[in-house]
Amino acid sequence: MTGTPSTPPVFVHPSADVEEGAQVGAGTKIWHLAHVRNSATIGAGCVIGRNVYVDAEVVIGDLVKIQNNVSVYHGVTIEDEVFVGPCVVFTNDLRPRAQNPDWQITPTLIKRGASLGANATIVCGTVIGEHAMVAAGSVVTKSVAPNQLVAGNPARHLGWVDEKGNIVSREAQRPDGL
């Protein structure tokens, strides 16, 4: 996890725990009290905030920013350039029980460039489309289309956003050119 003249080094705060076997890309910064499990993969140029937990077999792409107090559980895949706001909640079990011998992980996919606002809850089994935006405090119970803006509990359609996050339409139908 050290750099060479052509690749920036990985930074791991002394209070963070990156288990042996975790793969962390060049230039990634892992801050205070974060915990990265042994078979997790984190891409290059990421920022992993304070008290973030990255579970075994999670895959996080390049240039991802995960703010403080987020747990990314087994079954979650986060593609490149995704923003995950503080205290976002991911789940991986549709019918949670303390004891269930038939338990299976239900995967979740966050596509390239999506943004998840602070305190959003992403229920497993959903796909958040490219450049989609989930407003703070939303509870996502079904998949979100590319460039779609959703908010509320449960999250509902509010409009469409461009790659920079600007609202370009409040119509129900996706505008041409997005």
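**Close-up views of a predicted model**

**View 1. Lys65 in S10 is the bridge partner of Val47.** This is a predicted model, in which local features need pLDDT of at least 70 and side-chain atom pairs count only at pLDDT 80 or more, while totals for chains, interfaces and linings use all residues. Residues are numbered from 1 along each chain as its sequence is written, and side-chain values use heavy atoms, with hydrogens and water left out. The two residues belong to a parallel pair, strand S7 (residues 47-48) and strand S10 (residues 65-66), joined by two bridges. Strands here are DSSP runs of E with at least two residues, numbered from the N terminus, and two strands pair if DSSP finds at least two bridges between them.

**View 2. An open sheet of 10 strands has mixed pairing.** The order to follow is S1-S4-S7-S10-S13-S16-S19-S21-S22-S23. Strand S1 (11-12) and strand S23 (167-169) each have a single partner strand, so one side of each has no neighbour in the sheet. Further along, two bridges link strand S19 (residues 133-134) to S21 in parallel, with Val134 opposite Val150.

**View 3. S21 and S22 form a hairpin with four residues between the strands.** The two strands are antiparallel and share four bridges; Gln148 has Trp160 in S22 as its bridge partner. Within the hairpin, look for Gly152, whose phi is positive, near 105 degrees. Pro154 also lies in the loop between strand S21 (148-151) and strand S22 (156-161). For context, most peptide bonds are trans.

**View 4. Six strands make up an open sheet with parallel pairing.** Their order is S3-S6-S9-S12-S15-S18. At the edges are strand S3 (23-24) and strand S18 (127-128), each pairing on one side only. Inside this order, strand S6 (residues 41-42) and strand S9 (residues 59-60) run parallel and are held by two bridges, where Thr41 faces Val59 of S9.

**View 5. Leu33 and Cys87 have positive phi values, though neither is a glycine.** Leu33, with phi of about 60 degrees, sits in the loop between strand S4 (29-30) and strand S5 (35-36). Cys87, with phi near 65 degrees, is in the loop between strand S13 (83-84) and strand S14 (89-90). Leu33 is partly exposed at 43% relative accessibility, and Cys87 is partly exposed at 30% (buried is under 20% relative accessible area, exposed over 50%, partly exposed in between, with a 1.4 Å probe and protein chains only).

**View 6. Ile128 is among the residues with the most contacts inside the largest nonpolar core.** That core has 38 residues, and Ile66, Ile78 and Phe90 join Ile128 in the list of those with the most contacts inside it (a nonpolar core is a set of buried Ala, Val, Leu, Ile, Met, Phe, Trp, Tyr and Cys residues joined through side-chain atoms within 4.5 Å). Setting aside residues up to four places away in sequence, Ile128 touches several others, including Leu109, Ile110, Leu116, Val134 and Val144 (contact means heavy atoms within 4.5 Å).

**View 7. Glu163 is exposed, at 62% relative accessibility.** Glu163 lies in the loop between S22 and S23. Not counting residues up to four places away in sequence, Glu163 touches His131 and Asn147. Pro9 is 154 residues from Glu163 along the chain, and their C-alpha atoms are 29 Å apart.
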